[in-house]
Amino acid sequence: MNMYNKKRMIPLALPALVLFLGVVVIPFAIGVVYSFTSWRGSYFAGGDHFWQSFVGIENYIKAFHTKKFIDSLVYTVKFTVVAVLVITFFSLFVSLLASRLKRGIASFYRTIFFLPNLLGGLALGYIWQFIFEIVYSKILFGPQGLISLPALCNMTQNNTKALFALVLLFTWQMVGYMMIIFTIGLNNIPSEMVEAARIDGASNGQVFLHITLPMLMPSFTIVLFLTLSKCFMLLDQNIALTDGNFGTRLLATQILRTTRDSAPPDYGLAQAQAVIFFILIAVVALIQVSITTKREVEI
Amino acid sequence: MKRFIFMIFPGGLMKLAEKLLLFVLAGSIFIFAGCSGKKTAGGGRGYDLYIFNTKGENAEAMKAAADAFGKEKGITVKVFSLGSGTNSDDTLRTEMSSKDKPAIFSIMNSQALVEWVEGKYAMDFSAAKNQDFKKLADTIPPSLRLQQNGVSYGIPYNVEGYGFIVNKNMLADLFGKDSVDSFIEAFKTATYKEFENMVHVVEAYIKNGTAGSVTLSGSTFKLAAQKTGLAKNLTGVFSVAGSEKWTYGDHLVNIAIDTIFPDAAAAKNTTKQELEAGKSSFTAYAKTLDLMSQNATTLRGPDLINATINGYDQSVATFAAGKALFLKQGNWAYGNIERANPDITKTLTFLPVKMPFTQSDIHVQGLTVEHMNDSIPVFVPNYYAINAKVSDREKELAEEFLVWLNTSEEGQDFIINKMSFIPYNADPAKTSAGYSLGDSIISYMAQGKTITNAYAGAPVGWATDNLGGYLMEHYLNKETWPDNAYDDIAGYAVSRWEEMANIN
């Protein structure tokens with residue numbers, strides 16, 4: 001099978017390559033060029049063509065001086081730190097649980113955990129908005145609810161609470177996906193190694209720390225990379241859940257809304273913010289991948 | 001030759017068929033991508049006139065009007081409409097950057113106009129070739145024009161208005177059938193104090209059943225001793241869409257801004273002194289907002305700003321179900337109300353929104369407190385503009401279409417009956433909108449009891465995102481307001497405007 005694919009590599013890869021170039025690479029390059037101009041969406045302020053309206057790094061300086069951009073950056077970082085920890089912990093936990101079950105039941109549970117991942121971002125956001133605003137605040141944890149817990153009421157109306165609301169939503173969506181990655185990783189741990197450890201008298205904790213975790217490092221690489229990048233780029237759920245009110249605007253929403261903050265709309269500024277966004281995610285992801293790859297254990 | 005074939009097709013000619021299939025499949029992707037269904041009629045690209053319509057409510061009627069015009073002239077007209085409520089800016093900019101630009105597009109107000117003038121897309125109407133069109137542009141009332149530096153760039157779509165929507169049958173059940181007409185007339189000329197007392201009396205009646213009477217413009221109206229008919233469903237005086245910042249951030253504050261500036265252009269060019277002098281109007285606005293949100297169907301608090309409880313659709317449904325007496329909305333909500341409860345649509349009317357202004361709050365020449373009290377804002381929500389960058393032939397057709405739409409009988413029929421719009425240039429004494437709310441607006445226009453939408457000159461984003469957001473996050477979600485609430489709101493409104501407009 002591999003030989004078959006290798007020989008026909010060029011024609012097989014060609015359509016995807018062309019699409020990737022046309023839809024991702026070329027617009028990206030154009031975007032980077034435009035970020036150095038005063039682009040207004042349908043024209044360039046200062047001339048008819050983009051080379052007549054270069055403004056150098058003025059857009060980048062303006063971006064860093066925009067309070068909304070810095071605020072959304074800080075909020076996104078806070079959200080990402082919490083979300084990555086929570087998602088990684090829960091997905092590992094769930095995959096370990098499922099690995100203990102018999103095959104049929106394990107598949108059943110895995111399917112249920114994976115289902116939320118199939119929903120689109122906007123639909124999820126609106127469903128959870130309803131849950132936070134009505135189910136939590138009125139039925140379950142409100143003053144007349146089952147148990148009165150003010151901390152869990154009106155979570156979409158407070159900066160900090162909304163962060164946890166978003167984490168809850170995103171965890172619900174992502175745990176299934178990450179759990180599958182961990183499950184594959186767990187299945188790749190040779191059982192002989194675990195048996196040998198038990199014969200040597202290792203406890204459960206020691207098996208987990210010294211065998212399971214190091215062998216799972218490749219899975220950690222993937223899970224952390226995916227979670228980090230998805231958290232940074234979160235858009236639909238943010239808009240649907242809080243629409244950025246109460247200071248809960250994440251970075252992607254901020255870039256989207258920049259063009260509505262001035263007349264004429266400043267697309268050059270938005271583009272500069274997008275490039276900063278890209279560099280940020282790329283740097284963080286690359287650092288993360290290199291750290292976790294170094295810790296991968298070869299059998 | 002065989003070696004050549006072997007290089008490209010390893011595995012020999014036997015696998016050639018399979019290889020060919022692969023290439024054909026790969027190639028067909030490009031062919032299908034390239035084919036975008038371009039019709040062959042018209043000047044090579046499928047149409048003679050391209051209209052980009054951003055007011056989605058009239059999409060079908062616009063298409064019908066365009067087709068009727070096209071048939072008359074023997075040309076093909078392409079209409080592109082976006083869904084109502086969708087933000088159309090990005091799509092419009094994409095179309096403007098393409099080869100096939102729309103000849104007619106939409107501009108909302110003078111703030112949006114800046115972009116299109118700077119990019120040289122909006123055509124200056126004094127450069128129009130069609131004489132009828134020039135006449136049409138010249139006869140637009142000055143207060144309804146889309147102008148920058150004295151140059152006209154837009155033809156109004158229609159006029160819209162907003163105020164307190166009330167169901168006359170509900171008033172009949174509250175105050176007696178015979179008093180309804182006199183109540184409405186008395187309400188229009190009532191002072192804010194009388195209005196405020198009325199709200200308190202009705203709220204007490206709704207909550208506790210305490211009968212009482214209401215005095216408006218000197219006449220007294222007694223509440224029915226027992227709640228009958230529609231009045232039994234009432235749970236509050238106002239239906240407030242707390243999660244929709246534009247209802248109180250844009251439209252409600254507009255009424256206060258109308259006392260400071262005569263039109264949007266004056267608001268755009270304001271100075272620091274003018275704004276500071278207008279602070280008392282914003283205080284009056286805060287008082288009205290306080291009154292409305294304290295007497296709403298939902299208790300003022302976190303619930304009032306939840307989109308699931310008090311979003312736009314929910315607020316309209318609450319009113320349509322008879323749970324509230326007043327709904328502050330515009331004639332555009334008619335369709336929603338009809339869908340929610342078609343029984344009440346025939347007896348709806350507008351009542352003016354009142355704010356506690358004194359003559360010293362008013363800085364517009366010739367404007368009186370009485371006029372502010374008995375008028376509703378009537379304004380143009382959107383304008384047709386012509387693209388200066390299309391061919392001369394297209395510009396000519398665009399001008400002819402706009403003349404046809406706004407002056408011919410057939411065009412007016414489309415505007416009034418099919419699009420359900422109130423034409424900006426129709427004689428209010430002779431026109432009927434065909435539905436209750438539209439006719440109500442026309443009657444206000446006929447009596448000259450209208451105020452404008454000066455808030456359109458405020459900095460972009462000041463009204464909805466900043467003022468609306470501030471109110472939503474600090475005031476509408478709290479049951480009680482601190483003593484300095486009014487001053488704080490007015491102070492924020494003014495200082496934020498100064499910051500955003502860079503006038504310090």
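Into which domains is chain A divided? Domain 1 covers 1-26, and domain 2 covers 68-251 + 282-294; bounds like these come from an automatic or database domain assignment. Select both: their C-alpha centres lie 33 Å apart.

Some ground rules before we go on. This is a predicted model, where local features need pLDDT of at least 70 and side-chain atom pairs count only at pLDDT 80 or more, while totals for chains, interfaces and linings use all residues. Residues are numbered from 1 along each chain as its sequence is written, and chains are lettered from A and ligands numbered from 1 in the order in which they are written.

**Stop 1: chain A**

Colour chain A by secondary structure and you'll get 13 helices and zero strands. (Helices are DSSP runs of H or I with at least four residues, strands are runs of E with at least two, and both are numbered from the N terminus.) The C-alpha trace of chain A spans about 75 × 70 × 30 Å along its principal axes. Of its 299 residues, 33% count as buried. Here, buried is 20 or more other C-beta atoms within 10 Å of a residue's own, exposed is 12 or fewer, and partly exposed is in between, with C-beta atoms placed from the backbone.

Now pick Leu73(A), in helix α4 (residues 67-100) of chain A. Leu73(A) has 20 other C-beta atoms within 10 Å, so it is buried.

**Stop 2: where the chains meet**

Show both chains. The contact takes 23 residues from chain A and 26 residues from chain B; two residues are in contact if their C-beta atoms, placed from the backbone, lie within 7 Å. On the chain A side, α2 (9-34) and α6 (121-140) each supply at least two residues. α6(A) gives the most, with four residues. By type, the chain A side splits into eleven nonpolar, seven polar and five charged residues. (Nonpolar is Ala, Val, Leu, Ile, Met, Phe, Trp, Tyr, Cys and Pro; charged is Asp, Glu, Lys and Arg; the others, Gly among them, are polar.)

**Stop 3**

Switch to chain B, with 22 helices and 14 strands. Its C-alpha atoms fill a box of roughly 105 × 60 × 50 Å along the principal axes. Of the 504 residues of chain B, 47% count as buried.

Next, the largest nonpolar core, which has 148 residues. Such a core is a set of buried Ala, Val, Leu, Ile, Met, Phe, Trp, Tyr and Cys residues joined through C-beta atoms within 7 Å. Among the residues that touch the most other members are Leu49(B), Ile165(B) and Phe326(B). Helix α13 (residues 279-294) of chain B gives the most to this core, with seven residues. Why does the core lie between domain 2 and domain 3 of chain B? Because domain 2 (49-159 + 380-426) and domain 3 (162-168 + 234-379 + 438-500) both give residues to it.

Zoom in on Phe326(B): leaving aside neighbours within four places in sequence, its contacts are Phe164(B), Ile165(B), Val166(B), Val237(B) and Phe238(B). A second, separate core of 52 residues includes Ala63(A), Tyr136(A), Cys153(A) and Leu228(A).

**Stop 4**

Select β1 (residues 49-53) and β2 of chain B, which pair in the parallel sense over five bridges; pairing takes at least two DSSP bridges between the strands. Tyr50(B) has Lys78(B) in β2(B) as its bridge partner. The chain gets from β1(B) to β2(B) through helix α3 (residues 59-73), a right-handed β-α-β crossover. (Right-handed means that, with the strands pointing away from you, the path from the first strand over the helix to the second runs clockwise.) As for β2 (residues 77-81), four of its five residues are buried.

**Stop 5**

Which residues of helix α5 (residues 110-118) of chain B are buried? They are Ser110(B), Gln111(B), Ala112(B), Leu113(B), Glu115(B) and Trp116(B). Their cover includes β3 (104-107) and α11 (264-268) of chain B.

Most residues other than glycine have a negative phi. Lys120(B), in the loop between α5 and α6 (131-138) of chain B, has a positive phi of about 65 degrees. Ser217(B) also has a positive phi, about 55 degrees; look for Ser217(B) between β7 (213-216) and β8 (219-222) of chain B.
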